[in-house]
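Please examine the sequence and the structure before working through the solutions.

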Amino acid sequence: MPTRPDVSCEESCSLSKLAIGESSLLSADHVRALLEWIQEESSGAVFPFLASMAGTALSPGEAASVRVQDVTLPDGVFGEVQVRAAERRRVPVSPDIVGVLRSWIDEADLEAEDLLFPAELGGPLASSEYKRAWSQARQAVLSPDEVQAGLGEQVSSLRDSCLDRWLEAGVPAWGVAEWAGVSASWIALRYPHRFQLEDIEIDWDHLEEVLRLPDIPER
């Protein structure tokens, strides 16, 4: 069977700079345990803010700018958040995160025009607040070896983990790219372990059939 062509040095270098190894990603269990710790130990908007990142793959800056009127949160089913970046896009919100956000909006008594994740004294949630909670959670939840290896070192690791789980669940790369606000090629370069040709089951008989040329008359 055909094999993959060799990758040029230039392509390989570009790939290595952007690619994230599967072992460097937070697992679903990691994310769950970290968020549970933060829910117990933090206050205000920190937990719903980080939980929303974990379920929607928003960047910290995008999540901080979301307003209540930007989210649609139906009970028990997938909702939606509208990201007001340079190119507006809509991102699905899982039922679990819908529940978290509905509870938070009620608890904080937020109005439609309010920021979804305000600081306790008003204004946008300060990055120092959620970064401090995240750092403390890593120290409390992860093993010393995982901390030393830098697993989940940045809050943006929640975004990386979410994008990878979307791919693992079978969402097409172009769909993940649209939700994330990036290109499909960026997704392929960032998560190469999700695009290994040897892991794909190819129906060679069907491929031969669809590529068959029309009968060519003999001369």
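Contact means heavy atoms within 4.5 Å. Helices are DSSP runs (H or I, at least four residues), numbered from the N terminus. The model is predicted, with local features needing pLDDT of at least 70 and side-chain atom pairs pLDDT 80 or more, while totals for linings use all residues. Residues are numbered from 1 along each chain, and side-chain values use heavy atoms, without hydrogens and water.

**Exercise 1.** Determine which residues of α2 and α3 meet, and how the two helices are oriented.

Solution. Step 1: Val 31, Leu 35, Ile 38 and Gln 39 of α2 meet Val 46, Phe 47, Leu 50, Ala 51 and Ala 54 of α3. Step 2: by class, this contact of α2 with α3 has 8 nonpolar, 1 polar and no charged residues. Step 3: the axes of α2 (residues 28-41) and α3 (residues 46-56) come within 9 Å and cross at roughly 165 degrees. Step 4: α2 is therefore roughly antiparallel to α3 (angles over 145 degrees count as such).

**Exercise 2.** Describe the lining of the largest pocket.

Solution. Step 1: the largest pocket holds about 550 Å³ of space. Step 2: 21 residues line the largest pocket, and Gly 55, Ser 94, Asp 96, Ile 97 and Arg 165 lie nearest its centre. Step 3: α2, α3, α5 (95-108) and α8 (157-168) are the elements that give two or more residues to this lining. Step 4: α2 gives the most, with 6 residues. Step 5: the lining residues divide into 14 nonpolar, 3 polar and 4 charged.

Definitions and conventions
Axes fitted to C-alpha atoms, helices over the stretch in contact; angles between N-to-C directions. Parallel < 35°, antiparallel > 145°, perpendicular 65-115°, else oblique. Nonpolar A, V, L, I, M, F, W, Y, C, P; charged D, E, K, R; others polar. 1 Å grid on protein atoms, 1.4 Å probe; cavity = no way out; pocket = protein on both sides within 12 Å on 5 of 7 lines; lining within 4 Å. Points joined across faces, edges and corners; volume = space filled by probe spheres on them.
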